[in-house]
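Hi everyone, thanks for coming. Please have a look at the structure on the screen, and then I'll walk you through a few spots in it.

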Amino acid sequence: QVQLEESGGGLVQVGGSLRLSCAASRSIDIINAMGWYRQTPGKQRDLVATITSGGSTNYADSVKDRFVISRDFAKNTVYLQMNSLKPEDTAVYYCRADVVRFTDRSLYNTWGRGSQVTVSS
């Protein structure tokens, strides 16, 4: 099964930038879309941005024009460049991959452990 490992979170001041990375383990399974979600205590996990295997992207309205999702297929890695950060961007950010199992073409999704992003005012 594909496993994901995030990195790049941390503490940043308002208006600053951070880049999150999410590396997927090598697998015979096929990764389709990948994406970033975020969650604050007591709230549901919300979509931030997704990118398909064809490179199409989708963003939450709250991050459009500030965040950029990209993907390096050779490195099996997805990135989230976060600019003009605001206090309300503070959350745990999770990477997710939508995967097709090689053996029987069944679908599953897998999540990383999460990376804390804190924006201080």
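Let's start with a term: a residue is buried under 20% relative accessible area, exposed over 50%, and partly exposed in between, using a 1.4 Å probe and protein chains only. Keep in mind that this is a predicted model, where local features need pLDDT of at least 70 and side-chain atom pairs count only at pLDDT 80 or more, while totals for chains, interfaces and linings use all residues. Residues are numbered from 1 along each chain as its sequence is written, and side-chain values use heavy atoms, with hydrogens and water left out.

First, the aromatic rings. Rings of Phe, Tyr and Trp (its six-membered ring) pair if their centres lie within 6.5 Å; planes under 30 degrees apart count as stacked, over 60 as edge-to-face and the rest as tilted. How many aromatic pairs does a search of the whole structure find? It finds one. The ring centres of Tyr37 and Trp111 are 5.1 Å apart and their planes stand at 65°, so this pair is edge-to-face. Tyr37 sits in strand β4 and Trp111 in strand β10, so the pair ties together parts 74 residues apart in sequence. Strands here are DSSP runs (E, at least two residues), numbered from the N terminus, and helices are runs of H or I with at least four. Tyr37 counts as buried, at 14% relative accessibility, whereas Trp111 counts as partly exposed at 29%.

Now on to Thr50, which lies in strand β5 (residues 46-51). Is Thr50 buried or exposed? With a relative accessible area of 17%, Thr50 is buried. Contact means heavy atoms within 4.5 Å, and, leaving aside residues up to four places away in sequence, Thr50 touches several others, among them Met34, Tyr37 and Ile69.

Ile69 takes us to strand β7 (residues 67-72), where the side chains alternate. β7 pairs with strand β8 (residues 77-82) in the antiparallel sense over six bridges; two strands pair if DSSP finds at least two bridges between them. In that pairing, Ser70 stands opposite Tyr79. The two strands form a hairpin with four residues between them, and Asn76 in the turn has a positive phi of about 55°.

Last stop: Gly112, in the loop between β10 (107-111) and β11 (115-120). Gly112 is buried, with a relative accessible area of 8%. Its C-alpha atom is 7.9 Å from that of Cys22, 90 residues apart along the chain.
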